[in-house]
Amino acid sequence: MQENYTTSEALSLDLELSFTMRSTSALRQKVTKIFELLRDPVYRYLYRVLENSDEAEDLTQEVFLRLYRHLHQGHTVTNIRAWVFRVAHNLAIDQQRKDTQRERLDLSGREEACDRGPGPEAVALEVEQQERLRQALTSLSIEEKHCLELRAEGLSYKEIAGILDMRMPTLVKYLGRIIKKLLQETAHA
């Protein structure tokens, strides 16, 4: 399921999750339904943040295990989607702290995979532009990357502000500065 959630789809998802929580009798069934609805977006977020499919899979499962334990202990969750992404965000930060040595993207293999249809100048410009973007993204702090990834997953500003523990106006300015920073760094050759 390769979906990006718009605000209306997110509202629909939250309503569906709330309905599921009320209408399903067994806790295991409730969490299974939530897992089916949110597994792919959570995995994509974790994969983009961690750049490791095995870690992303493990942490995706851990997110939903924590949801089950949380609900099993009698706690309630009002915004399930935001809660799940908050847990995923925190687990990703913990994992990044453990993984102090991360592998860099090897662009030499990328050049071989490029379609040789365009002329050499077009290919060189494309590689150069991708390299500038990659460098700009690597210059971002972990928090800035997480903010962009959460927005890319379609979470609202309000949900991201809750996950990152920021006030809404602060988040809007923060995200604007991140985008401006990326544009400036990719524009300068």
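Predicted model: local features only at pLDDT ≥ 70, side-chain atom pairs only at ≥ 80, totals over all residues.
Read from the N terminus on, the elements run α-α-α-α-α-α-α-α-α. The chain has 189 residues, and buried residues make up 35% of them.

| Helix | Residues |
|---|---|
| H3 | residues 53–72 |
| H4 | residues 80–98 |
| H8 | residues 157–164 |
| H9 | residues 168–187 |

Let's start with a pair of helices. How do H3 and H4 pack? Their axes lie 9 Å apart, and the angle between the two helices is about 130 degrees. Angles over 145 degrees count as roughly antiparallel and those from 65 to 115 as roughly perpendicular, so H3 and H4 are oblique to each other. The crossing that H3 and H4 make is right-handed.

Now move along to helix H8. Which of its residues are buried? They are Glu-159, Ile-160, Ala-161, Ile-163 and Leu-164. After H8 comes Asp-165, which has a positive phi, near 60 degrees.

Then comes Met-168, which has its place in helix H9. Is Met-168 buried, exposed or partly exposed? With a relative accessible area of 35%, Met-168 is partly exposed, because that value falls between the 20% limit for buried and the 50% limit for exposed.

Terms used. Residues numbered from 1 in each chain as written. Heavy atoms only, no water. Helix = DSSP H or I, 4+ residues; strand = E, 2+ residues; numbered from the N terminus. Buried < 20%, exposed > 50% of the residue type's maximum accessible area, 1.4 Å probe, protein only. Axes fitted to C-alpha atoms, helices over the stretch in contact; angles between N-to-C directions. Parallel < 35°, antiparallel > 145°, perpendicular 65-115°, else oblique. Left-handed = near helix turned anticlockwise from the far one by under 90°.
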